[in-house]
Structures are given as structure tokens and as C-alpha cells.
Number of protein chains: 2
Amino acid sequence: MDPLSLLRSLAVPNTTKILLLVLDGLGGLPLEEGGPTELEAAHTPNLDALAARGICGLSTPIAPGITPGSGPAHLALFGYDPLAYEIGRGVLEALGIGLELQPEDVAARGNFCTLDPQTGVILDRRAGRIPTEVCARLVEKLRAIRLPGVEVLVEPVQDYRFVLVLRGPGLADGLTETDPQRTGVPPLPVQPTRPEAAHTADLLNRWLRAAFTLLADEHPANGCTLRGMAKNPGLPPMPEVYGMRCAAIATYPMYRGLARLAGMEVLPTGSTVEDQVQTLRQHWEGYDFFFFHVKKTDSAGEDGDFARKVQVIEEVDRALPAILELHPDVVVVTGDHATPARWKAHSWHELPVLLWSHNVCPDGVTRFGERACMSGGLGHIRHLDILPLALACAGRLTKLGA
Amino acid sequence: MDPLSLLRSLAVPNTTKILLLVLDGLGGLPLEEGGPTELEAAHTPNLDALAARGICGLSTPIAPGITPGSGPAHLALFGYDPLAYEIGRGVLEALGIGLELQPEDVAARGNFCTLDPQTGVILDRRAGRIPTEVCARLVEKLRAIRLPGVEVLVEPVQDYRFVLVLRGPGLADGLTETDPQRTGVPPLPVQPTRPEAAHTADLLNRWLRAAFTLLADEHPANGCTLRGMAKNPGLPPMPEVYGMRCAAIATYPMYRGLARLAGMEVLPTGSTVEDQVQTLRQHWEGYDFFFFHVKKTDSAGEDGDFARKVQVIEEVDRALPAILELHPDVVVVTGDHATPARWKAHSWHELPVLLWSHNVCPDGVTRFGERACMSGGLGHIRHLDILPLALACAGRLTKLGA
């Protein structure tokens, strides 16, 4: 039995409340040998006190050595095997700009490119990285393209990137990309990798022909390519699987979109952690499970800004008492993945996880940090293990067998 | 997605160098209650210093309670799921005597046996354990046997054991063994377990009939049986999967053969650890991944010689500085499995693993030994996890998803 089916079969109702507090890119590394990580350097009296009363460990987002993107890492935190449920690039890109995808939509990531007007070969795969304003004007032009039987949405993203969504009946994924990944050759046609996708491939090729005509006089963006054509992965919705009312409090479109994919209601909220706490307070009675997402730890890590990442962690620590005043039954504090400031990028490292509830056996860890959590009572787990543990602590899983 | 496909899809080029230092049979047990293991008894200042700067843990070769042979244990270290890729006994036996197998070869392990001249039933499955010299003389006799369309290689191994290899087009595995595993019954015929193997079964049965004729006047080895007929398992070559130039520095034929199966280049080297370090130095620029295999820890363990195993470990420790002077980016030190001297045999125990690179979060372990590694930051991993971690530390794996 796959893990999700097992949990579904054991899920029972309860009135308990679970808070999943995700500090994006929480995990870190020492800047220099012998130094502290970002989390270790931060002054976190409230997280430390919670760690002392809870149980800690280190968690691997996907598998040892695998650096996850935000999509797979969050899927694992939400209890979905990220290797079984893939979120295509087109879908992620659409989520990232706040597009709400419907189940039958096919979304593609588009790149404007420069074609040789004579031969049609690609000269620049990113059209000289045109500014977003130019991208928006070109997208406006492309919105004129109509296709039979489906609605067509085109939205600018950033620089040379845009999103194309086909909406309507009979669409299928299983489509090859048109970017040949090199210059000197023409864009490829969309081809179906399975018979059901033939019609969608045909529609996309029609759209591309029309786009090339509309863009012919533009410079440098006189062409475009499509990548990562994908449908909504069709995750079994969390409320249905677990019988919980699930809400997301996240400020960035990508994470709001991921939460929506998992069936959560995405609450309107302000941009600061304080705003998010305020939203949590307002909606506390209305939901059983809250995904509370803090983005700025990751942004600081990506920027290589160790000190700012420390500050964001401390900001969350200061917000913790107000959260705990709501009396959640289970609190999980972790990250989706590590984003060490030293790396300025996501990494594969295990990251700290803290599980607090009245139903855990405290482990003697009194500090929430990478090294302290190494000897924590949770040991070394996978992100996929976290939600089942939280559900169990919340009295939301019954016994397997007799 | 299987782990190897996942890694293949994420592998990216880099100029970093990885050293996998395998002390065969490294893991041990205390000789008596309260005593140290072999590794704990050894004076290993250099390994300890590396442990202090790296991250340590314990690794299970295959699965809890499973004692591996050298084949499966090394496969796991090389990143191949040893339960998915089986190395047949015939292939291992051929590798063990240094036979280079070609992709289409079918290799079998042969046992000389004693047959009742009247009834043809087996009287002794090992022909009174004839000495190797007799085995060699009988093998010489068997080399006279020709088969249509294929080349036939016969090589003595030790005592009553030999290797038979058929080489040529159209050969297939999927063949039953002829050793009935008991006396009082005649050897079984080779039977195909799938249609493609019918021709190969026919060839082997012809060879066996001819062998029985040639051996009829011999005593006690007037017959033979064939076991473990197998082809090269066809491992996806490491250089192709990971985009790394891979080399093996190993002194024993079995390990050189295993490395060759994994697609490594097997470097000529001398018999001492010092010779092997010299080989490493000579070829340092030519490869990205080095499998450095030390056999004598295992031999000492198999002999039940605790003190000698300690000495071999100390010899490797003394060689470590010369290895580190080459500035590898990632160093892994571990064993393929445990061979406790107290056991005089392989065992299933977890064994220490040390991962050093600039990209790990050091864990405070300052001693490379079984007990110290129990609280290491790597926790309890599987051998299959080791290569992905090394690749990640070497910047040779890109992000999964976006």
C-alpha cells in the first residue's frame, strides 16, 4: 500500500489543531570551519524553549544527496511522495504568478527567443533577456491568438519568460518541449509522447505558428519556445484524505499555489510575519491544519546574506509566543530544504525539525539548531514522515489492524 | 523512479574529485565484553582528524540483518541497488580469477564431483576436495571440448572449483543448475527457464556430456556440476550515468572485476597500500572518481586475527596524509561490510562511514570508530546513500524540480 493510501485508511476525525511552520530554506551551514550555522547563530529563546518541551531531529527532504526545488520539498511536507507526484515546470510557473489552474488545464513555460529571419534557426534562446515590460507588451500581442475549442491564457512572468495555459476539454499532457537547448537550430515542434496528447500537441503547434507570425517584425524577440508542458498533478486533496479543514498562510504566489494544489484554502494575508500571525488568529477557529510559510529565510540564503537569514529566523522566534497563545495541539517547525547562505542556493543537507505536542517524549534537546538536532529523539527522518507524526500526535490516525 | 534513474537525471559535470576509500570488512566487534572493536583499538590519528572535520555515521550495507558478499556490498557502494542488480555466482567466480567477461558471455561455476561409475549418481559433490593442481590438470583436459558457434573457456579456481565461460553470439542466461545439492542422485540436466536460453542450455548439456566422457577414467573427480550460470549483469556504467571518469585502485581480482563491471578503469598497481597511493598520485589528473580498495582488513578478519586487522587499519591511517595531499574535494572512508575477527566471517553489522568535504556540517565526532560514529551527524544510512551524498558534496547533482 502506498503511504498516502495507508494514511487515508487510518485517518479519523478530531477537533485538534496542527500548525506546520515552514521557514523556507531553513537549513544552513557554517560560514567557516568551526562556526555556527544561521539557525545556530540566531538568538531563538522561544524556539529553544519549544524544542526543550518537544522532540527534535534532522529531516531529509527527498533522499540523501538530492537537492529539491520548492515544489517537491513542499509536496513531501504535505505528505505526497514527490517522486510519485511530479509538478511540471509549466504548472509551477503558473502557480508562481498566482494563476489558478483548473484540473484540465495544460500549462507551459514560454521563453521568448531570437530567430534568424532568413533560416529560422535560434540565435539567442533568451532573446537578449528582454526586460519584463517588453515581455508584457509581446504577451499582450500573443493574446490575440485563438484556438478552436479551448481558452488560451498568456501571462508575462519576468524578463523573457511567460506562461501559456490552454483551458478546455480533451487536453492531455505528455508533450515534448520545443526548446532545442542550443542555438543554430530551429525550434522543435511539439510532439505527443502518448496518443491522448496528439490533439493538445496540434493545438500548441498551431499556437506557435500564429505566434511566430505575430512576432515576425519584433526584435530581438521574434520567436518563442515552450517547455515543461504539464497538467495539474491531481493531488488527492488533503481535506479529503485526512478529514481536516486545511488552510495556508503564505505570502508568495508559488507557495500559495502549491497549497492550493494540495487542496488547502489559501487565506488572504499581509506581507510580514506579524501580518501572517494576525491572519492565523483570525481564522483559528475555521481550520484544523495550518501551513504557515515564511519565505524570507530562503531569500536571504539565496542572496548569500547570512546575517539577514539570522534576522528572519529571530523575527519568527519573536512571533512564536503569539502563535502558541492560540493553543495549537501540534506544532511542527522546519524548512522545506536547506538554503545555506554560504551556498546562495538550495542544498541537499538534512535540516532541523521540531515536533511539539503533549504527546511526544521530550528528548533533552534544548536548542533548535543543526548540531543539537543531530542527537534529537526523532533521529534522521524524511520529510514524508513529518505529516504522519503530526497527525498521530493530533489523535488523527487510528490503529492499523487489531 | 528508481534511485539510479533519479541520479542519472540530476547528474551534472564538474571538475571535482571524489575518493572512495574502502577498507574491506572494516566493521568489527569487541573480542570480549567491554573491549574495543578492531577500528577502536587501532591508533588512527589521521582518520580521527578527518572525522573531526567531516561528518560520520553508521551504514548498513544492504538491509538490517543481511550479511552481504563482496559483490552486493560493493554494488551498493557504487550506487547500484544490490537487490535489483544481481551478480551471478558464475560471473563472480570469473571475476575472482581475473577473467575479463564480455557482455554476451555466459559464465558458470563448476565443481568437480565423484560419480558412481555404474549408476551415475553423485557420491561426493566435491570429489574429495581434490587439490588445486589436480583441478588444473583436469581443466586442461576439459579444454579439448569444442562447441559449435561459441568459444569455450575453462579455468581452474581452487580445489574442486573451476569456471566455465561460453563466449559467442546468441547466448542467454536463465538456466537451471546441475548440482542436485545432495548425493545419491545423478547430476541434473541444464534446463532453460525462458525460451531464449534453450540454445545455451543445449550447448551446456553437450559440454557436460563430453566432459563426463573425458573424465570417466579419473578418480575421484570423474564428473562435474555447473552452478550459477549468469551473464554480466549489464550495470549502467558509472562514467555514463554520472559523467565522471572513474578509476579503481584495487589489488585483488574480484574487486578489480567488480569495478570493471561498474564501468571503472582498473589501474595497474602494486600490492601494498603505499603502492596504491603511488598509483593514485600518478593518475590523479586523469580521473574524477577513485575507488581505492584495501583488501587486507577483510583477510585478517576472516582469519580471526584481531591484531593483524588493527595493524592494517593503522597502515591505512599512515597512508592517509599522502592521499589528502592530493586535495580531493570529497573523501569517503568506509568498508563494504563488517568482518569481525571474532566471527572470522562477513557479518550484517552496520559499519562506520566518514564523509569529508568542505560542504558538510561537521558533527563533533572526533574519533573514527563504531561507537563514536553511532552519534554522528550522518545518522544511520544505507550503503546506497553514500554515493549520492558524495556526488552532492562534489557539486555533481543538480536540483530536483523547481
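Strand 2 (residues 55–60) of chain A has six of its six residues buried, so it is largely enclosed by the rest of the structure. Buried means that 20 or more other C-beta atoms, placed from the backbone, lie within 10 Å of the residue's own. Strands here are DSSP runs of E with at least two residues, and helices are runs of H or I with at least four, both numbered from the N terminus. This is a predicted model, where local features need pLDDT of at least 70, side-chain atom pairs count only at pLDDT 80 or more, and totals for chains, interfaces and linings use all residues. Residues are numbered from 1 along each chain as its sequence is written, while chains are lettered from A and ligands numbered from 1 in the order in which they are written.

**Strand 2 and its partners**

- Ile55(A), Gly57(A) and Ser59(A) point one way from strand 2 of chain A. Cys56(A), Leu58(A) and Thr60(A) point the other way, and all are buried.
- Strand 2 of chain A pairs with strand 12 (residues 351–357) of chain A in the antiparallel sense, over five bridges. To pair, two strands need at least two bridges found by DSSP.
- Ile55(A) has Leu355(A) as its bridge partner in strand 12 of chain A.
- Strand 13 of chain A runs parallel to strand 2 of chain A, and four bridges join them. There, Gly379(A) stands opposite Gly57(A).

**Two domains in chain A**

- Domain 1 of chain A covers 3–86 + 236–393, and domain 2 covers 92–231. Such bounds come from an automatic or database domain assignment.
- The C-alpha centres of the two domains of chain A lie 35 Å apart.
- Seven residues from domain 1 of chain A and six residues from domain 2 of chain A form the contact. Residues are in contact if their C-beta atoms, placed from the backbone, lie within 7 Å.
- On the domain 1 side, helix 9 (residues 253–261) of chain A gives the largest share, six residues.

**Chain A meets chain B**

- The contact takes 26 residues from chain A and 20 residues from chain B.
- Helix 13 of chain A gives the most to the chain A side, with three residues.
- Only 12% of the interface residues of chain A are also interface residues in chain B, so the copies meet through different surfaces.

**How the copies are related**

Note on methods:
Two residues are in contact if their C-beta atoms, placed from the backbone, lie within 7 Å. A residue is buried if 20 or more other C-beta atoms lie within 10 Å of its own, exposed if 12 or fewer, and partly exposed in between; C-beta atoms are placed from the backbone.
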